[in-house]
Amino acid sequence: MRPGRGAPPEHLPVLAAAVVDHLVTAPGGRYVDATFGRGGHSRSILDRLSAEGRLLALDRDPEAAAAATALADPRFHFVHTRFSRIGEILAAHRFAPLQGLLLDLGISSPQIDRAGRGFSLRADGPLDMRMDTSGGETAAEWLARATVDDLTRVIRDYGEERFAAPIAKAIVARRAAGRAPATTAELAALVAGAIPVRDRRDALQHPATRTFQALRIHLNQELEELALVLDQSLALLAPGGRLAVVSFHSLEDRIVKRFIDRHGRVDPRIARLPLRQGELPRPPLAAVARVLPDAAEIAANPRAGSAVLRVAERTVAPAPAVTERFR
């Protein structure tokens, strides 16, 4: 792994070399980094592009938008938005079809490291957890109104936490006593107290890790956002264009894998028709690679340990799209 040129030292982009090697197949083409973060991957992509290449980056975090102003490159443009609006944004900037689309899912290192964002268990801070702090409901606000059933469903489905029900009941009981959790430390202690010590799966992982993940995913609609951007990607990629997605937990990776599998085979209804193999239509995607971090990268950046990079290639022409680059 290597951080891109000029990348902020506190943020190491995961699988940066593999991402760029698989993504940038046409240095003069148009690329989108839909999860700019602090720009590590964007800088690596720009290093690989020619003078004719162009990169459009998206991110909904206002701090990412501020960081993007430091990347002074005429080939680069940034838009502060959630990536589910990618089709609308590319149409507005006349920036399709694409030679490559990158999604680096989850939260960035600076988001975790800053206690005020409310994502981390390591330092006490307000229960915020919003990726876009300019609007929307905070974790504390949602916890103050969610029912036991809602809490159980979110913690179970998005955290894959088997003690979701007792955790939900503990949160509501604390709220009924007038002491609703308002900080990360308060919530972490409350969740830990609801899970029997003998039943904790991993002694090295804080017992509230899964609950924090679940709340973050729910509040930011991360899985819904992912499904929306993947569905739009087929219409945005040029033939030979690459889709590269870095996932950090099984819920994300499962959605990506199923998307590539579904669009990487001929519709079963067509496959049953009396056609020769050569007469069958080509599926729109072809799986290219599945890459895991090696031991050296994990040692340099422990947060890379759970990462999975999946790459697929657009095989046939998408619907007509505007091709003029942004100015």
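Glu-160 counts as partly exposed, at 30% relative accessibility. On this scale, buried means under 20% relative accessible area, exposed means over 50%, and partly exposed is in between, with a 1.4 Å probe and protein chains only. Arg-254 is also partly exposed, with a relative accessible area of 33%. Arg-254 and Glu-160 form a salt bridge, and their closest N and O atoms are 3.7 Å apart. By salt bridge I mean a side-chain nitrogen of Lys or Arg within 4 Å of a carboxyl oxygen of Asp or Glu. This pair links distant parts of the chain, 94 residues apart: Arg-254 sits in helix 12 (residues 250-263), and Glu-160 in the loop between helix 7 (148-159) and helix 8 (164-176). Helices (H or I, at least four residues) and strands (E, at least two) are DSSP runs, numbered from the N terminus.

A word on the source. This is a predicted model, in which local features need pLDDT of at least 70 and side-chain atom pairs count only at pLDDT 80 or more, while totals for chains, interfaces and linings use all residues. Residues are numbered from 1 along each chain as its sequence is written, and side-chain values use heavy atoms, with hydrogens and water left out.

Now the overall picture. The protein has 14 helices and seven strands. Of its 327 residues, 50% count as buried. Contact here means heavy atoms within 4.5 Å. Among contacts between residues at least 6 apart in sequence, 70% join residues at least 24 apart.

Back to the salt bridges, which come to 16 by this rule. Helix 12 takes part in another one. Arg-310 and Asp-253 meet through their side chains at 2.7 Å, N to O. Arg-310 lies in strand 7 (residues 308-314) and Asp-253 in helix 12, so this pair ties together parts that are 57 residues apart in sequence. Both Arg-310 and Asp-253 are buried.

Next, Arg-117 and Asp-61, whose side chains form a salt bridge at 3.0 Å, N to O. Arg-117 is in the loop between helix 5 (109-113) and helix 6 (139-143), and Asp-61 is in the loop between strand 2 (54-59) and helix 3 (62-68), so the pair joins parts 56 residues apart in sequence. Are these two residues buried or exposed? Arg-117 is buried, with a relative accessible area of 4%, and Asp-61 is buried, with a value of 1%. Both belong to a network of salt bridges that links Arg-38, Asp-61, Glu-63, Arg-114 and Arg-117.

On to the cores. In general, nonpolar side chains in soluble globular proteins tend to be buried together. A nonpolar core is a set of buried Ala, Val, Leu, Ile, Met, Phe, Trp, Tyr and Cys residues joined through side-chain atoms within 4.5 Å. The largest one here has 32 residues, and those touching the most other members are Met-129, Trp-142, Leu-143, Leu-151, Ile-167, Ile-171 and Leu-187. Helix 6, helix 7, helix 8, helix 9 (184-194) and helix 10 (209-220) each give two or more residues to this core. Leu-143, leaving aside neighbours within four places in sequence, is in contact with Leu-127, Leu-151, Ile-171, Arg-175, Pro-181, Leu-187 and Leu-215. There is a second, separate core of 29 residues, including Val-20, Leu-23, Phe-76 and Leu-309.

Helix 2 (residues 40-48) is mostly covered, with seven of its nine residues buried. These are Gly-40, His-41, Ser-42, Arg-43, Ser-44, Ile-45 and Leu-46. What do they pack against? The buried residues of helix 2 pack against helix 1 (16-23), strand 1 (30-33), strand 2, strand 3 (76-80) and strand 4 (98-104).

Last, the loop between strand 3 and helix 4 (86-92), where Phe-83 is found. Phe-83 is buried, with a relative accessible area of 12%. Not counting residues up to four places away in sequence, Phe-83 touches Ala-34, Thr-35, Leu-58, Leu-103, Leu-105, Glu-225, Leu-226 and Val-229. The C-alpha atoms of Phe-83 and Arg-60 are separated by 7.6 Å, with the two residues 23 apart along the chain. Ser-84 is in the loop between strand 3 and helix 4, and is buried at 15% relative accessible area. With the sequence neighbours up to four places away again left out, Ser-84 touches Glu-225, Leu-228 and Gln-232.
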